[in-house]
Amino acid sequence: MATIDRAATGKPVAARHEPASLATALRRCAAFLRRNEPHLWTWGGRTAALVPLVALTLTVLVLTLKAWPAIKVNGAHFLVGSDWKPGNTYGATVHTDGVAHPLGSSYGAWPLIAGTLQSSVIAIVIAVPVSVGTAFALTERIPRWLAEILRSAIEILAGVPSVLIGLWGALTLGPLLANDVYPVIADHMPDIPVFSYFRGPTYHGEGLLTSGIVLALMIVPIIASTTRNLFAQVPPLPKEGGEALGMTDWEVGRRITIPWVRSGIIGATMLGLGRALGETIAVAMVSGSLLNTIAPNIYGTMGTIAAALVTQLDSAFTDGTGFEVRTLAELAVVLVGVLLVVNMLGRLIIRRTGHLDAPAGQGY
Amino acid sequence: MANDGEHQATSRPIIGTTDSRSEERIDPILAALDPDRERPEHVICSQSLTLSFGQKRILDSITIEFRRGSITALIGPTGCGKTTFLRTLNRMNDKIPGFRYSGDVTLEGESIWGPSQDLLDLRRRVGMLFQRPNPFPMSIRDNVVAGVKAHRIAKGKQLDVLAEERLRQVGLWEAVKDRLNDSPFRLSGGQQQLLCLARALAVGPEVLLLDEPTSALDPISTEYIEQLLRQLTPALTLIIVTHNLGQARRISHNTMFLYEGELVEHGPTEDVFERSREERTQVYVTGRMG
């Protein structure tokens with residue numbers, strides 16, 4: 001009835017057709033998109049591909065700009081020096097190269113750089129064999145139903161907040177290791193190079209080895225679940241070929257399964273290493289968080305770049321000249337640099353060893 | 001080794017039969033030189049082998065003997081248990097869940113499941129070539145000597161010598177001698193399969209199991225490999241699963257026909273194909289059943 005009334009009043013009937021014309025517009029739009037789909041893919045793809053690069057560049061750029069005055073003043077000393085002196089933040093302000101900073105401030109982050117590398121290397125040395133072994137057991141050794149349960153357990157472990165692991169490390173693991181494990185190791189190490197690094201004193205559980213173990217625990221899930229997925233994709237035929245040749249399971253694993261996904265495992269390790277290098281709060285809780293000390297032995301207290309950033313930020317704001325905050329920004333730039341170098345090394349390794357890799361997706 | 005094989009191949013008819021073999025054995029000098037003369041005539045014997053995976057029975061009381069130095073073709077429709085039977089001979093089925101067997105399989109008179117039988121050594125003595133080439137992710141040279149290294153048969157410089165010898169034996173040497181350290185995955189399918197054959201031969205097997213070794217290859221590679229297999233006898237005993245009846249007739253001395261897990265007929269290839277005793281065999285070999 002209403003429509004007839006409206007038609008009678010001479011109002012445009014189009015009003016009634018509005019939903020229809022919206023549908024038409026949508027249809028036209030869809031047709032347009034469909035016609036131009038190749039372009040959409042091209043440009044959408046290009047944009048998506050650029051996002052990570054732009055994000056990384058902007059982050060580094062902003063950090064570098066922020067850190068620039070500190071980079072100028074601290075100079076090369078920042079990379080090789082071993083002191084962390086904010087100077088007298090309530091005293092006189094001096095100027096170096098036109099940059100204001102408190103009197104007596106001097107920053108050398110070498111202990112932090114070394115600590116970062118040391119703890120991450122320990123973590124990788126522990127985590128890679130454990131992860132590869134876990135992945136191997138999950139794909140080859142354990143009944144499927146049990147493997148599924150363990151696999152989800154690993155994935156849950158990957159999601160446990162690092163602050164929880166750090167707390168556990170500081171309250172339980174560290175003291176346990178320091179009381180019952182470290183002394184045993186330390187007492188049995190001969191006093192010869194390399195091994196002497198494992199001799200006492202063993203301190204109280206906060207330090208390099210504890211940090212490495214906690215980091216390893218955090219990156220095992222990453223490496224293990226990635227490696228498990230890689231192993232699951234190794235076709236059965238080459239493995240059977242090895243068995244039929246009279247190889248043991250260990251030989252098949254070492255010579256066929258692992259090399260088959262070699263690049264992938266290196267990639268997963270780099271992912272884990274990236275996490276270990278950047279891990280902050282857990283390390284801050286178990287390392288001792290020192291700023292200017294390289295651990296004298298493997299049990300010694302130390303600090304890492306990421307841990308220093310989080311523990312020092314608060315006090316850095318008390319520096320009225322803002323120089324300490326800028327120095328922390330410089331520290332962050334160094335961390336990014338370490339990550340990039342490590343990443344490139346990983347790529348180099350993959351390129352060096354990759355020429356024997358099985359072609360991806362080879363149909364078996 | 002390669003020359004040796006060629007000599008034997010030319011001295012023997014291309015379509016071998018057991019008859020032609022026994023004629024050869026009459027030669028007294030050859031018989032005296034035959035290193036196998038003290039050993040049982042049959043390398044592998046299957047004695048009422050019954051095999052099942054869980055509730056599913058795959059093989060039903062199979063009794064057959066494989067004569068030393070012969071090629072036996074294993075034919076039958078898909079799902080008849082050919083591959084299962086073949087894989088049983090070097091115990092590749094043992095790990096499959098629900099695997100059960102009764103009866104026995106003997107290698108040189110000794111049960112392959114016997115307590116004194118070393119599984120790894122059994123697999124060295126009974127080699128295998130698969131349906132598709134399965135090179136390992138290592139260099140071409142390392143592929144050839146992978147088994148040799150595992151069994152610690154040779155080391156150091158000997159490995160290079162051995163790799164060359166085996167690659168020559170399969171006729172791959174000229175093609176790969178300049179890229180021994182390259183990936184095997186860039187070789188053609190036929191070349192990859194030859195590489196796998198060289199790898200299987202390198203550990204010095206007595207028996208070679210072949211599971212449709214040419215089904216993924218082009219006709220020229222197939223013909224080449226068939227020729228090569230003939231040259232491997234009588235030094236080796238070959239058992240070949242094939243869907244290609246022409247191939248079975250071309251290369252085998254004996255043929256066994258499996259149907260639904262049952263050994264329907266076996267005997268000299270010509271007899272099985274031309275004078276089948278069983279209706280089912282006749283239906284299959286004449287192509288009326290796939």
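Guide: A salt bridge here is a side-chain nitrogen of Lys or Arg within 4 Å of a carboxyl oxygen of Asp or Glu. This is a predicted model, in which local features need pLDDT of at least 70 and side-chain atom pairs count only at pLDDT 80 or more, whereas totals for chains, interfaces and linings use all residues; side-chain values use heavy atoms, with hydrogens and water left out. Residues are numbered from 1 along each chain as its sequence is written, while chains are lettered from A and ligands numbered from 1 in the order in which they are written.

Visitor: How many salt bridges are counted between chain B and chain A?

Guide: One pair that meets the criterion is A:Glu240 with B:Arg87, whose closest N and O atoms lie 2.7 Å apart. The count between chain B and chain A is 4 salt bridges.

Visitor: Which residues of chain B lose the most area to chain A?

Guide: In terms of contact (heavy atoms within 4.5 Å), 32 residues of chain B touch 26 residues of chain A. The two chains bury about 2,300 Å² between them, with 61% of it on carbon and sulfur atoms, where buried area is the accessible area (1.4 Å probe) lost on putting two parts together, summed over both. The residues of chain B that lose the most, together 25% of what that side buries, are B:Phe136, B:Pro137 and B:Phe185.

Visitor: How are H7(A) and H8(A) oriented to each other?

Guide: Helix H7 (residues 162-188) and helix H8 (residues 208-232) of chain A pack at about 130 degrees with their axes 10 Å apart, helices being DSSP runs of H or I of at least four residues and angles running from 0 to 180 degrees between N-to-C directions. Their contact includes A:Trp168 and A:Leu173 of H7(A) and A:Ile213 and A:Leu217 of H8(A). Angles under 35 degrees count as roughly parallel, over 145 as roughly antiparallel, 65 to 115 as roughly perpendicular and the rest as oblique. The orientation of H7(A) and H8(A) is therefore oblique.

Visitor: What is the handedness of the crossing of H3(A) and H14(A)?

Guide: The axes of helix H3 (residues 37-74) and helix H14 (residues 323-353) of chain A come within 7 Å and cross at roughly 115 degrees. Among the residues in contact are A:Leu63, A:Ala67 and A:Ile71 of H3(A), together with A:Phe323, A:Ala329 and A:Val333 of H14(A). A crossing is left-handed if the near helix is turned anticlockwise from the far one by less than a right angle, and right-handed if clockwise. The crossing of H3(A) and H14(A) is left-handed.

Visitor: Why are H9(A) and H10(A) given the orientation they have, and what is it?

Guide: Helix H9 (residues 236-244) and helix H10 (residues 249-260) of chain A have axes 10 Å apart and an angle of about 165 degrees, and H9(A) passes H10(A) in a right-handed crossing. A:Pro238, A:Lys239, A:Gly242 and A:Glu243 in H9(A) meet A:Val252, A:Ile256, A:Thr257 and A:Trp260 in H10(A). With that angle, H9(A) and H10(A) are therefore roughly antiparallel.

Visitor: Which residue is joined to B:Thr233 by a cis peptide bond?

Guide: Most peptide bonds are trans. In chain B, the loop between helix H10 (219-232) and strand S8 (237-241) holds B:Pro234. With omega about 0 degrees, the residue joined to B:Thr233 by a cis peptide bond is B:Pro234.

Key
Helices (H or I, at least four residues) and strands (E, at least two) are DSSP runs, numbered from the N terminus.
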